[in-house]
Amino acid sequence: MPVRPIITAPDPRLKARARPVAKVDDAVRRLMDDMLETMYAAPGIGLAAPQVGESLRVIVLDVAGKDEKPQPMKLANPEIVWASDERVRCEEGCLSVPEHYAEVDRPAAVRVRYLDYQNEIREVEADGTLATCLQHEIDHLEGTLFVDHISALKRNIILRKLKKQKRAEAEEPARS
Ligand code: NI
C-alpha cells in the first residue's frame, strides 16, 4: 500500500515524540518509499513518519522546483548538529494543517546528520527552502507543528477551524 492516508491536526499522534530507528532495514526503506509516494501525491515538499501514523524518526523531502529534476531525500534519525545565528522568516504550510499558512522564524542554515537509505551516516548542509523544510520535518519528530511557532492566538484560530472541518466531514453522509 504505497500511498498512505495523511493525519491532520488536531490529532494526538502529531504531538508525540517519535522513536529512533535501530537501523535502516527493508521495513524502514519500504516506509521511506511509501512516504515519498504519499508526499508527491499530496502534493507536498516534505513529510514525516508521524504524519502517516508511524512513530519513527524518518522524514522525506524534495524541494526541487516544478521544472527541475526531482531531488528526493530520505532521512532516518535526522539530527541538527549546527544551526546558523542568522535567522529568516519563511511562509510555511503542512500537509497535516491543510490550507493554512503562516510565517515562521528559524535559523537560515543548518547542518543535519542522518542515516541514509543504505544505513550510512551522512551530513547535509542546507540553506534556503531546504533548511526550512528540514527543520519543519525534524520538528514533526518532536511532536511540534509549524503552528506551535506562531502566536497562540493565530494557532488557536487555525486549530479551531481544522477541528470544525473534521467534525463537518465526520457528519457528512458517505459519498461513493
Ligand atoms: Ni508538516
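The charged end of Arg29 lies over the ring of Tyr117 at 5.8 Å from its centre, where a charge is taken to sit over a ring if NZ of Lys or CZ of Arg is within 6 Å of the ring centre and within 35 degrees of the ring normal. The charged end of Lys74 also sits over the ring of Tyr117, 4.1 Å from its centre. The model is predicted: local features need pLDDT of at least 70, side-chain atom pairs count only at pLDDT 80 or more, and totals for chains, interfaces and linings use all residues. Residues are numbered from 1 along each chain as its sequence is written, and side-chain values use heavy atoms, with hydrogens and water left out.

The nickel ion has three kinds of entry in its list of protein donors, Cys94 (SG), His136 (NE2) and His140 (NE2), at 2.1 to 2.3 Å. Donors are N, O and S atoms within 2.8 Å of the metal (3.2 Å for Na, K and Ca); water is not among the atoms, so sites may look incomplete. Along the chain, the donors follow the spacing C-x41-H-x3-H. His136 and His140 are separated by about one helical turn because they are four residues apart in helix α2 (residues 128-141). Helices (H or I, at least four residues) and strands (E, at least two) are DSSP runs, numbered from the N terminus. Both histidines are covered: His136 is buried with a relative accessible area of 6%, and His140 is buried with 2%. Buried means under 20% relative accessible area, exposed over 50%, and partly exposed in between (1.4 Å probe, protein chains only).

Helix α2 is mostly covered, with 12 of its 14 residues buried; among them are Leu130, Cys133, Glu137 and Asp139. The end C-alpha atoms of α2 are 21 Å apart, in agreement with the 20 Å that its 14 residues should span at 1.5 Å a residue; the expected span is 1.5 Å times one less than the number of residues. Gly143, which follows α2, has a positive phi near 80 degrees.

Leu134, in helix α2, is buried with a relative accessible area of 0%. Beyond residues up to four places away in sequence, Leu134 touches Ile59, Leu61, Leu75, Val110, Val112, Val124 and Ala126, contact meaning heavy atoms within 4.5 Å. Strand β2 (residues 58-61) pairs with strand β3 (residues 73-83) in the antiparallel sense over four bridges, with Ile59 opposite Leu75 in β3. Two strands pair if DSSP finds at least two bridges between them. A cis peptide bond joins Ala9 and Pro10, with omega about -5 degrees, and Pro10 is in the segment before α1 (26-41). Another cis peptide bond joins Ala42 and Pro43, with omega about -5 degrees; Pro43 is in the loop between α1 and β1 (46-48). Asn77, in strand β3, has a positive phi near 50 degrees. Asn119, in the loop between β6 and β7 (121-127), has a positive phi of about 65 degrees and is partly exposed at 28% relative accessibility.
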